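Trainee: I am new to this structure and would like to go through it by question and answer. Please show it first.

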Amino acid sequence: MPLPKAELHLHIEGTLEPELAFALAARNSVVLPYADTDELRKAYAFEDLQSFLNLYYELMAVLRTEQDFEDLANAYLERAAAQGVRHAEIFFDPQAHIARGVPMGTVVEGLWRALGRSEANHGVSTQLIMCFLRDESAASALQTLDAAKPYLDRIVGVGLDSAEVGHPPVKFREVYEAAAALGLRRVAHAGEEGPPEYITEALDVLGVERIDHGLRCMEDPALVERLVREQVPLTLCPLSNVRLRAVDALARHPLPAMLEAGLLCTVNSDDPAYFGGYAGDNYHAVRDALGLSTERMRELARNSFRASFLDHDEERRAR
Ligand code: ES4
Ligand code: ZN
């Protein structure tokens with residue numbers, strides 16, 4: 001039996017497996033610039049975050065209808081359930097779809113057709129987090145929040161993702177203030193490729209309650225001290241860090257040092273179709289590469305529920 005866990009850092013578009021990408025391409029008469037799944041998989045040798053994002057946005061062309069988003073989410077939920085995920089807080093990138101002429105409603109309604117039945121079908125409770133693309137403008141983020149207003153009963157919070165360096169959190173101060181006023185929870189990617197200052201800014205300027213990645217906090221001891229004191233959850237994605245070369249090998253991932261320091265770390269999969277594994281695969285990989293004890297593994301699973309948006313009663317039921 002896999003350890004029951006919550007997944008807190010998962011881009012639904014990053015669960016698009018090559019086989020499903022080709023099936024949806026055929027269904028929607030979209031031509032992909034790859035002959036087959038083998039050739040596509042060869043493109044998964046990434047240099048950094050941007051080289052991954054280029055492929056991630058390119059493959060999204062196959063996602064066009066509500067049915068596509070439903071099929072995508074169901075495929076993820078089935079795999080997640082098999083790896084012990086009991087609760088998933090799922091990112092989506094509406095701007096990447098709206099730019100292709102796929103409206104917000106198609107994305108949210110399609111995902112919801114899977115998420116609304118997920119507890120019954122897969123035993124996984126779910127929440128949706130809408131991300132703003134930080135390499136798009138602040139005005140575009142505000143328009144996106146506006147477009148989401150009819151769907152806010154299905155969206156628990158907002159996040160910030162895509163190319164980090166050069167796009168500091170402060171750029172999105174206004175849209176985060178508006179999101180907070182609407183009662184939305186707030187998270188942001190920070191300290192993946194960007195400097196530790198972006199983590200501080202996400203906390204102080206955007207008012208986030210969790211940091212996605214946060215890896216580079218380790219360069220700033222005063223920041224680590226603060227994150228420990230305030231028990232700010234970090235949603236780490238170890239296999240992602242290796243594939244995008246934020247760390248040079250899993251055996252040198254700072255996770256053990258981060259746990260030792262008292263940071264509230266969680267382990268997540270980010271874009272599992274691209275980075276070689278779902279939540280359970282990430283747990284196994286860190287256990288094997290870093291020699292984490294059973295007690296440490298249990299701590300990571302416990303942290304995942306503690307850092308989730310579930311309340312105490314929901315948490316107890318999910319575990
Ligand atoms: C992402 Cl790994 C990562 N980092 C930032 N933005 C993203 N969007 C999808 N995956
Ligand atoms: Zn991410």
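Trainee: Is Thr106 buried or exposed?

Mentor: This is a predicted model, so every value here is computed from it. Thr106 sits in helix α6. A residue needs 20 or more other C-beta atoms within 10 Å to count as buried. Thr106 has 20 other C-beta atoms within 10 Å, so the answer is buried.

Trainee: Leaving aside neighbours within four places in sequence, which residues is Thr106 in contact with?

Mentor: Pro94 is 12 residues from Thr106 in sequence and 9.9 Å from Thr106 in space, C-alpha to C-alpha. With neighbours within four places in sequence left aside, the contacts of Thr106 are Thr65 and Glu66.

Trainee: How do the axes of α4 and α6 lie, roughly parallel or oblique?

Mentor: Two packed helices are described by the angle between their axes and the distance between the axes. Helix α4 (residues 66-82) packs against α6 with the axes 7 Å apart and an angle of about 40 degrees. Angles under 35 degrees count as roughly parallel. At the angle found here, α4 is therefore oblique to α6.

Trainee: Which residues of α4 and α6 make the contact?

Mentor: The crossing of α4 past α6 is right-handed. On the α6 side, the contact is made by Thr106, Val107, Glu109, Gly110, Leu111, Arg113, Ala114 and Leu115. On the α4 side, the residues are Glu66, Gln67, Asp68, Phe69, Glu70, Ala73, Asn74 and Leu77.

Trainee: What arc do the buried residues of α3 cover around the axis?

Mentor: Helix α3 spans residues 49-59, and its buried residues are Leu49, Phe52, Tyr56 and Leu59. They lie on the same side of α3, because the arc they cover around the axis is only 100 degrees.

Trainee: What covers the buried residues of α3?

Mentor: The buried residues in question are Leu49, Phe52, Tyr56 and Leu59. Their cover includes α1 (18-27) and α14 (272-275).

Trainee: Is Val62 buried or exposed?

Mentor: Val62 is in the loop between α3 and α4. Not counting residues up to four places away in sequence, Val62 touches Ala21, Leu24, Ala25, Asn28 and Val30. Because Val62 has 20 C-beta neighbours inside 10 Å, Val62 counts as buried.

Trainee: How does Leu40 count, with its C-beta neighbours inside 10 Å?

Mentor: Leu40 is placed in helix α2 (residues 37-42). Its contacts, leaving aside neighbours within four places in sequence, are Pro18, Ala21 and Tyr34. There are 19 C-beta neighbours inside 10 Å, so Leu40 counts as partly exposed.

Trainee: How do α8 and α9 lie to each other, roughly parallel or oblique?

Mentor: Helix α8 (residues 138-147) and helix α9 (residues 173-181) cross at roughly 20 degrees, and their axes come within 8 Å. Ala138, Ala141, Leu142 and Leu145 of α8 meet Glu174, Val175, Ala178 and Ala179 of α9. α8 passes α9 in a right-handed crossing. By their angle, α8 and α9 are therefore roughly parallel.

Trainee: What is phi of Ser162 near, in degrees?

Mentor: Ser162 is in the loop between β4 (157-161) and α9. Ser162 counts as buried because it has 21 C-beta neighbours inside 10 Å. Phi of Ser162 is positive although the residue is other than glycine, with a value near 80 degrees.

Trainee: And what is phi of Asp270 near, in degrees?

Mentor: Asp270 is in the loop between β8 (264-267) and α14. Asp270 is buried, with 29 other C-beta atoms within 10 Å. Phi of Asp270, also a residue other than glycine, is positive and near 65 degrees.

Note on methods:
Residues are numbered from 1 along each chain as its sequence is written. Chains are lettered from A and ligands numbered from 1 in the order in which they are written. This is a predicted model: local features need pLDDT of at least 70, side-chain atom pairs count only at pLDDT 80 or more; totals for chains, interfaces and linings use all residues. A residue is buried if 20 or more other C-beta atoms lie within 10 Å of its own, exposed if 12 or fewer, and partly exposed in between; C-beta atoms are placed from the backbone. Helices (H or I, at least four residues) and strands (E, at least two) are DSSP runs, numbered from the N terminus. The arc is that of the directions from the helix axis to the C-beta atoms. Two residues are in contact if their C-beta atoms, placed from the backbone, lie within 7 Å. Axes are lines fitted to C-alpha atoms, for helices over the stretch in contact, and angles run from 0 to 180 degrees between N-to-C directions. Angles under 35 degrees count as roughly parallel, over 145 as roughly antiparallel, 65 to 115 as roughly perpendicular and the rest as oblique. A crossing is left-handed if the near helix is turned anticlockwise from the far one by less than a right angle, and right-handed if clockwise.
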